[in-house]
Protein chains: 2
Amino acid sequence: MSRMRKPAEERQAEIIETALQLLTHTPVEKLSTALVAKEVGITQAAIFRHFPTKDALWQAVLEDIERRAVNLWNDAVAKGTSPLERLAELIAAQLGLIAAYPAIPTLIFNAGQISAEDTLRPIHRRIMSGLRHRLLVEIREAAQTGQIPPAPSTEDCADLFLGLVQGTVLRWKLSDRSFDLIREGRRIATIQIGLLRGHKAGDDK
Amino acid sequence: MSRMRKPAEERQAEIIETALQLLTHTPVEKLSTALVAKEVGITQAAIFRHFPTKDALWQAVLEDIERRAVNLWNDAVAKGTSPLERLAELIAAQLGLIAAYPAIPTLIFNAGQISAEDTLRPIHRRIMSGLRHRLLVEIREAAQTGQIPPAPSTEDCADLFLGLVQGTVLRWKLSDRSFDLIREGRRIATIQIGLLRGHKAGDDK
DNA sequence: TCAATATGTTAGTGATTACTCACTTACTTA
DNA sequence: TAAGTAAGTGAGTAATCACTAACATATTGA
């Protein structure tokens, strides 16, 4: 048996990816270092060669999610040609990420819950406020170019769309992922955008 | 020291309440029977006099949440005089429950994650679909009485409002509960209701 | 009043946890 | 090619976990 030994960087990425994959079907509290090690194909002790503590592993996992999210957001913004299109693409991108790694919303909703509050919470906040900011940028541009009325503030609109993402994901999880998350997200986002645009005839009391 | 001994029913309620309270600041994975017992003021072994397994305790906690939620929904529906008022009251009621027990959304979002999937998931689903149904009833009545146009389907509207709740809670948690959850929920719900009503002049392409 | 019962404690169980340490072997480079 | 280092192993550790058994005492009802 050739004991393939991998460079640290590669092995660390492998451990992180494996942890994320395992979290799809394993509850957070059951994700032990032993389980991750077994799945990777190394001994449990080897995990600690690459991460000083388990919390450090959690931190790396969260930072990995952040990296993936930011990349997808950039792609989404580049894809859309109008602000409202980009808005829809951003939502679809986020849902795509969650569809690929269903553990993400759980990790995010648990926020500081996974013991390492102080290191993990800021990452959570960065991810969520990062997405919110991207949405906000597009909504502002749509408002400035008159594609949507200035009726609800752009901030409130961003929050409504963030909620739309959250709500769709929750329904998806409770339904045992029985529908296409991205498709449903696009559909309901379109409806919400329609509501915004339909608000044109202002009853600005 | 008079070792006050309480009837089982009362003690069970005390254990459940304590667990819920502890979950406000304790991650799910760290909520041990020992911690709950210490907080209640009994020994760890005494917990198992009242709950055969820890999973049974989780189940009781979830069922308690369900009971509280249903009661609050009933009150909310009785309070509002118009369907859209009742809609807002329902949302405020749910947010009030979450403000009192911030662990609830985490428990719900974790869904099957807390090991006892088979017993816990149905309860989660009942709570969420219960709220959705209540919202749906009010939205339907509002649509039938012409207070909102039939533009988006009532089902989609219910999902949008559910998302609104989820999103507001998430922002609240990530902001370290720095704003008044109920007030903010009412505010943004009012905005969304406004969007719905403003959709009257149908641009049914 | 006194025995039955319900509610509790004390002191354990084995399993699992994150983590350590001494040692080994694969890979790299001088 | 020899030596240094990076990556991994095997065998532990103490702590904590849910849970149990034997025993104790408060409460209650006949």
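**DNA strand C and the helix pair of chain B**

Me: How far is a phosphate oxygen of DNA strand C from an N or O atom in the side chain of B:H50?
Reply: This model is predicted, with local features requiring pLDDT of at least 70 and side-chain atom pairs pLDDT 80 or more, while totals for chains, interfaces and linings use all residues; side-chain values use heavy atoms, without hydrogens and water. Residues are numbered from 1 along each chain as written, and chains are lettered from A and ligands numbered from 1 in written order. A polar contact is a pair of N or O atoms within 3.5 Å. For B:H50 and the phosphate oxygen, the distance is 2.6 Å.

Me: Which side chain has a polar atom 2.4 Å from a phosphate oxygen of DNA strand C?
Reply: For A:T33, the corresponding distance is 3.1 Å. The value of 2.4 Å belongs to B:T43.

Me: Are helix 4 and helix 5 of chain B roughly parallel or antiparallel?
Reply: Helices here are DSSP runs (H or I, at least four residues), and their axes are lines fitted to C-alpha atoms over the stretch in contact, with angles from 0 to 180 degrees between N-to-C directions. Helix 4 (residues 54-79) and helix 5 (residues 83-100) of chain B pack at about 150 degrees, their axes 8 Å apart. Angles over 145 degrees count as roughly antiparallel, so helix 4 of chain B is, relative to helix 5 of chain B, roughly antiparallel.

Technical notes
Polar contact = N/O pair within 3.5 Å; in protein donor to acceptor, adjacent residues only side chain to side chain. Helix = DSSP H or I, 4+ residues; strand = E, 2+ residues; numbered from the N terminus. Parallel < 35°, antiparallel > 145°, perpendicular 65-115°, else oblique.
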